Every structure is written in structure tokens, then in C-alpha cells.
Amino acid sequence: MQTAVNLRGVKKSYGAGEARVPALRGIDLDVKAGELLMLVGPSGCGKTTLISVIAGILDQDEGQCSVFGRDMGGLRGAQKALWRGSTLGFVFQAFNLLPSLTAAENVAVPLLLRDVPRKKAVEKAREMLERVGLGSRTESRPSQLSGGQQQRVAIARALVHEPRLIVCDEPTSALDHQTGASVMELMRSVALGGERTLVVVTHDARIFSFADRIAVMDDGRISKIVDSASQL
Amino acid sequence: MNFVALKMLIGDRAKYIGILIGITFASLLITQQSAIFTGIMSRTFATITDLPTPDVWVMDEKVQYIDDIKPLQDTELYRVRGVEGVEWATPLYKGLLKARLSNGNFQSCVVIGVDDATLIGAPIQMVDGRVEDLRQNDAVIVDERSAKGKLARVLPDGSRAPLRIGDSLEINDRRGVVVGICKVSRTFQSQPVVYTTFSRATSFAPRERKLLSFVLAKAKPGVDPLELCTRISAATGLRAHTREDFKWITMQYFLKYTGIPINFGMSVLLGFLVGTIIAGQTFFNFTLDNLKHFGALKAMGATNGRLVRMILLQALLVGALGWGMGVGGAATFGRLTSTTELAFRMPWQLLAISGGVVLIICSLSALICIWKVARLEPAIVFKG
């Protein structure tokens, strides 16, 4: 199986001098294409920093990070932004839907960013909303949707441009258990497939069972990688 | 993404209206105050505006502006006529004389004496009567506004009636008979304007050795008026200006020696500052509120260039709308006050200037937001 994400000796610190705080202390990690990997661990262990590096949002201080064979260190500024737009899908903890846009328009944003004509983008967004079970709410604004529905819209947005890697930051922490479970079921059924890969940051133990592998982080390091929640 | 930018802007109604109000207020204040200033300034050269026929005004070399009369000898007229390139030259008297009204009160009037033979310098727009009637005995033409106002007849019951053709008035103890009512631009001090012939005007005027205020000249076809001014000055030692130059010189005098520009400049500056602060702060708050969304867009692949274009579009839209509403408000104000003493003039140049100022306000506001968004770390989206 192809490697989607390859990290070798990745280090990242915040601040400078005596105020310097190491967030990642040398991460080695391979994420296989087509798998759902969960990054788990206590608050402040470096999970968010790690997915920020994987997503090309933060630059590592040391080490190597490549995504689908592309060395992230070789990309700069606008080049990196364009790469993110074509390769990555995001699901955020706070959904981050634009409140003044309808569900379909929100889902269409990644396509609009790639200069797809608006009509075509919204049409494709409606199809994607249909796939996540929100075909009847395409014209609703985020404020008219429940938390679970908003996260479904966010999932549709993360998938609409058919990215190869989807990074999710605490996708269920703002949802109740049942809604969280259904969101994860949806992600497994709709998002995974082919070589599309999911990296999910979470500390919600209730959804660990949806992972193919779980990487446990502690104090900026990966302490262990397991295949199921029972091995934790 | 223009669509997304516009929906982001309009979607937050309260902020959108707040930004619009800020820019509208700034645009209104700047345009209205500037239009009043322009109106006042254009009154300073009203006499020149109302005399479109001559190309060149000839005067004593010490004259500083249109009301600064330094009379010339009558012979200067003939010297100007003798300059190469002059098609014709006519005398003009301009003076401030006292008119005695029917109720015994006195009123200062601008008396303009035009060439007896050609009547060049007479009013262009007649409301009643004919310019040719100035050739009748004691004939004068008065402006419509004064005929209804400052020069109006006082009836036995104390009420006032407009001055009409056939009515008479005393100018410096000499009888004047109204033969026409004309329309002229309002003067700087809003004094009545009385037209008569040059010879009659000089008989109205107090005895002086010299009574020729200006010589009005026309350039022959093909002769540049500016070049003619140079020739006249060289040949006569008098000062000669084209019509436009003389307007500008008159206005410059008022700009330099009165406090008008400072007072109006302060209002315009205040409008600019208040507008920039209100619009800038509201627009900045709008951006701050949307920072998380800009961060999400950045994470999803929006480049800084694209976000800058989105912000500029938002700023330009509110700028254009605010400018339009402000200018519309100022124009409405001008329309509503057109019959009052208030000076109000809104030429296209003024609209262009206020548009430019509004553009600067919006650009400054947008610049602060662009700076904030450009420095935004997209990792913000992962912070809950």
C-alpha cells in the first residue's frame, strides 16, 4: 500500500530563547493511503501542531514531511496554499461554515477556490450534500442547522473537490455521542475509499473504534501506534 | 470567490449598514461642505461668469481681483483697440453705489455700466423686458432676485411687491427707470446688480477723474487670447487677463486673504477623519469577526492575493454605495436650498474629488484589514 504521509524526525517549537516551548520532539510516522488514522493524546501533547504540519499550515523546524511523495519543505507561500486547495480537505471542530452562505454555497467554497464556475460548483455541492444525507437542506444557512447537520455540511465541503487527504480536528467534540458516532460512520462510508486517507485528531474515546490505527501522542512524541482501541 | 466576498459582507447586516453609514456620512460631509465652498468661491467671480462675450479683461496693473477697482483713463480704451489682434474693445464701469428705496432706506448695489453703442456686457438672460431698452432715458435693468427682495417696493400697507418695469429708483440721487429684469449669478456679498449704459453709470457714480473700470476685448479669429493679453500688456502697460485667468486670480485673492478655505477645509478634514474612523473601525471589526472564516479559507487553499482581492472588493462595494448615497444626499440638500441665500455648486470635478477621498478612506480601512489577514496564521482554525 502506498504511503500517504511520511514524517521523519519532525520537530517544531513555539517562541524563542528561554520562552521556547517544544511542541513536536521528533516525530516519525507513516500514514498509509486509504486508512483512517487517529491521533490521540492529552491536551497540549502536540496533536494539533502535528496535523498543521501534515496539512502544510505550519512549517516544521527540523525533519522531513512528505504527503503523497511531495516534500512539504519544497513548497512556499501561494504554492503551498494552492497545493492545500487541491490535495486536502478539512473538517474543523467548530465547523467553520460561513454564516451568510447556504449549505450548498458553503460546500462549493473549495471548488470556487479552484475557479470552478459558481453554477457548476453549487450543483456539485448539492450532489455532495445529497450523499451526506442533507439533500433537503441545501438552501439552509448554518444557523438553521443542528450541530450534527453542520458537521455533515463540513464533511461534504471537505469531500467536494475530491481531495486525497482529509484532516479532521476533533470532528465530534462539539457533538453528542449518537451524533458523533453517525458523523464518524458517515466519514468511514463516504470519505474513505481508494487511496483517500483520513487523519483524525481526537481525544473522544467513544470514536476510537472507527480508526484503522491509532497513534498515541504524549509530550510531543508518538508513544505508540495500535491497531484497535482495545490495545490502548 | 467574489460572490463569497459579497455574501460575507452583506450577510452581516448590522456591520454592513454601519460601514455604509460611516462612508455615507463622510461622503455627504465632504461633498456638501466642498459644494458650499465652491459655491461661495464661484460667487467671487460672478460678474466675470455673467460676461461670456469678451475673451480678455484689461485693467490697471495693481488690480488684485474683480472688486478691486482701480479706474483707468478713458484713453486707455483707444490704446487697447489699437493693439494688433483685437477684434473689438469696449468700456465697462463697475462700482458699488447706493440706491434709495421707496421707503427711504438705502441699499448698496453693484452698478455695471456697459458700452452705450454695442451694449456688450449687458445681461445675457432677460426675465422681462429687452436689453435694447437700456438706450431709453434713465434706463436700468435690475436682477430678478433683488427685484423681488432687497430692491422690492414697499407698499402703503407695509407689504413688499417686486420691482417691475416702469418702476423707478434713485441711484446716488439720480433717477433710474427699470426697463428690464434679468437673471444673474449671485454675487459674493449678495448685493443687487443694476445694469445701465457706461455713460449713465458714470453719471450715477461720484465725481472722479477716472471712471473706466475695465476694458473688455475680443481676440480676432485665430488669435490666442493668452497671446493677446501679452500683446496688450506690452503695448499699453496695463494688465490683461483671459476670462478664465481673471476668475482664477479673483478666487485666489479670496482664498489667500479670507479665512474661508481654512473654515471649510476644517469641515472637510473633519468629514474625512470621522468617515475614516467610523468606516475603518467598523470594517476592521467586520474583518476581525470574520478572521476565523478567513483563516478557514486560507487553510482550504485561498492565497493571500485572493483574500486581498476579496477584501478590496468588499471595501470598493461599500465605498461606491456610500459615496453614491453621500453625493445623493448632498445633491438633495443643494436642491432643497437652491432658492435660499446658501451658496451651493457641485461641478463634476467635485464629485471626482469626493469619490477619490472616499476611495482613500476605503483603501485605508481595507489596508488595515489586509494587513491583519495577510499575517493571519491559518492554524487559527484548529484552535477550537
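I took helices (H or I, at least four residues) and strands (E, at least two) as DSSP runs, numbered from the N terminus. This is a predicted model, in which local features need pLDDT of at least 70 and side-chain atom pairs count only at pLDDT 80 or more, while totals for chains, interfaces and linings use all residues. Residues are numbered from 1 along each chain as its sequence is written, and chains are lettered from A and ligands numbered from 1 in the order in which they are written.

**Entry 1, chain B.** I found 12 helices and 12 strands in chain B. Along the principal axes, the C-alpha atoms of chain B fill a box of roughly 95 × 60 × 30 Å. Taking two residues as in contact if their C-beta atoms, placed from the backbone, lie within 7 Å, I noted that 80% of the contacts in chain B between residues at least 6 apart in sequence join residues at least 24 apart.

**Entry 2, chain A against chain B.** How many residues does the contact take from each chain? It takes 24 from chain A and 23 from chain B. On the side of chain A that touches chain B, the elements giving two or more residues are α1 (47-54), α2 (77-87) and α3 (103-113) of chain A, and α2(A) gives the most, with 5 residues.

With axes as lines fitted to C-alpha atoms, for helices over the stretch in contact, and angles running from 0 to 180 degrees between N-to-C directions, I read an angle of about 120 degrees between α3(A) and helix α4 (residues 118-131) of chain A, their axes being 8 Å apart. That angle makes α3(A) oblique to α4(A), since angles under 35 degrees count as roughly parallel, over 145 as roughly antiparallel, 65 to 115 as roughly perpendicular and the rest as oblique. Among the residues making the contact are V107(A) and L111(A) of α3(A) and V122(A) and M128(A) of α4(A).
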